[in-house]
Amino acid sequence: MRLLVLTIWIGCVASTFGEQCVIQLVRGMVTRLLGPHQAALSCDNLWSNLLLSFNFTRQDLVACQDGELLVHPPEPYFSDCQQRLDSAKRDAEADRRAFTAEMQKKIQVNQWEADRYVQESDTIRNQLTRLRDELRSTYRSLVLMSVQGGASKQALKYYHYYLEGQPPGQLLSSIIAAVYSVPEHAHERFEYLLDFARKVPGNSVRLAFYHQITAELRRHPEQRDSYLAMIAALDLGKLAFLSQNADARQLYLGLFNPALKRLQAAVIAGSYDEIVTFATAYPDHFEQIANQLSTLESEAWNQANFERLLLYPNRLPLAKQRLEAFRMMLLQINQRNKHDFAPRLTRVAKELDKCESFVKSGSKTQQSDLEKLVAVKRMFATRDANRDYDHYLQESKKIIE
């Protein structure tokens, strides 16, 4: 067995010089420490390598110890860190509480602002609702006053403002009630009511309006027994026949027939004032029933006072109305007085001469009226071609009044 002799210097504290120490190691022990791959080295090299390996091992152990101390510090260091950690936690908690308090304060302020906004919004909304209601009430009043004053176009504008596209509801009945609110003006305002009713849009709405108007009309004889009932009937008739509505037609007939009967009775009785007013104020409406007013039933024709009936045509305000009334009168004479037509034609010729003067005296004589006059004159020769208008006019001049 080979021996490795080691010389180790051991320093002693009490001595100022070193004491040499010799240690003998078996070679195999050294090679076992270094590994079999260094077995061929000399003892000096083995010892050098052993020292080098020892030095590296010592360095590794020092580094490991230092790392361990960092992970698991001694108690004094850990206690200091714990204190600083606790202090940091307390500071963080204090900051959190301060931040939370500040946020809660801001949230509260925002909540107050939100509540104030909601309150103000509700107030504004209520004010807007009140203003809207006041505005609608104003529009309603303007509708009623405009109808009462005869301003139908203005009334219709406020009518639309008031409804805002909604059904009229009680507004129509309120309008009718306003018309009759002052009895001494009811007749005039009823005319305004009819004018407004013509302009109300929507067939169903207008028909409902006429139902109410007719019901109210029947409760007021002053309008029911006047030509205004005929005006209402004729207006309703347009709606009834255009819409082919059976209910509207029934309502129309219930209003038209009695009104026509009353006006025909006025013609027979010679009470022409109201008819003249009708023909003057509503010439288009009058034209629709003029021939029916001039045409009498056979019995009524035979019993009528012909001298009084003769006055009717020339009481009418327009030339074309007069000429048409004369035409209808001549037509009935030629049909119903086949054996005693001459005396009547003589009387009619005298009145037609007055009508001719009226027709030609106007500053705006219509050519159609002149042509109608010629056509009416030709009717005098219907029964006897040898005796024309001029013949009967000459005969009329022989009559002593």
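Me: Before I look at helix α18, how should I read the word "buried", and what kind of model is this?
Reply: Buried means under 20% relative accessible area, exposed means over 50%, and partly exposed lies in between, with a 1.4 Å probe and protein chains only. This is a predicted model, in which local features need pLDDT of at least 70 and side-chain atom pairs count only at pLDDT 80 or more, whereas totals for chains, interfaces and linings use all residues. Residues are numbered from 1 along each chain as its sequence is written, and side-chain values use heavy atoms, with hydrogens and water left out.

Me: Which residues are buried in helix α18?
Reply: Helices (H or I, at least four residues) and strands (E, at least two) are DSSP runs, numbered from the N terminus. In α18, which covers residues 389-396, the buried residues are Y389, Y392, L393 and S396. Viewed down the axis of α18, these buried residues fall within an arc of 105°, so they line one face of the helix; the arc is that of the directions from the helix axis to the C-beta atoms.

Me: Against what do the buried residues of α18 pack?
Reply: Contact means heavy atoms within 4.5 Å, and the buried residues of α18 pack against α16 (341-361) and α17 (367-378).

Me: How do I read the crossing of helix α9 and helix α11?
Reply: Axes are lines fitted to C-alpha atoms, for helices over the stretch in contact, and angles run from 0 to 180 degrees between N-to-C directions. The axes of α9 (residues 227-243) and α11 (residues 273-281) come within 10 Å and cross at roughly 40°. That makes α9 oblique to α11, given that angles under 35 degrees count as roughly parallel, over 145 as roughly antiparallel, 65 to 115 as roughly perpendicular and the rest as oblique. On the α9 side, Y227, M230 and I231 meet E274, T277 and F278 of α11.

Me: What is there to note about the phi of E164?
Reply: Most residues other than glycine have a negative phi. E164, although not a glycine, has a positive phi of about 55°, and E164 is found in the loop between α4 (152-163) and α5 (171-179). At 43% relative accessibility, E164 counts as partly exposed.

Me: Is E351 buried or exposed?
Reply: E351, which is found in helix α16, has 9% relative accessibility and therefore counts as buried. Leaving aside neighbours within four places in sequence, E351 is in contact with L310, N314 and F326.

Me: How many helices and strands does the chain have?
Reply: The chain has 18 helices and 2 strands, and buried residues make up 33% of its 401 residues.
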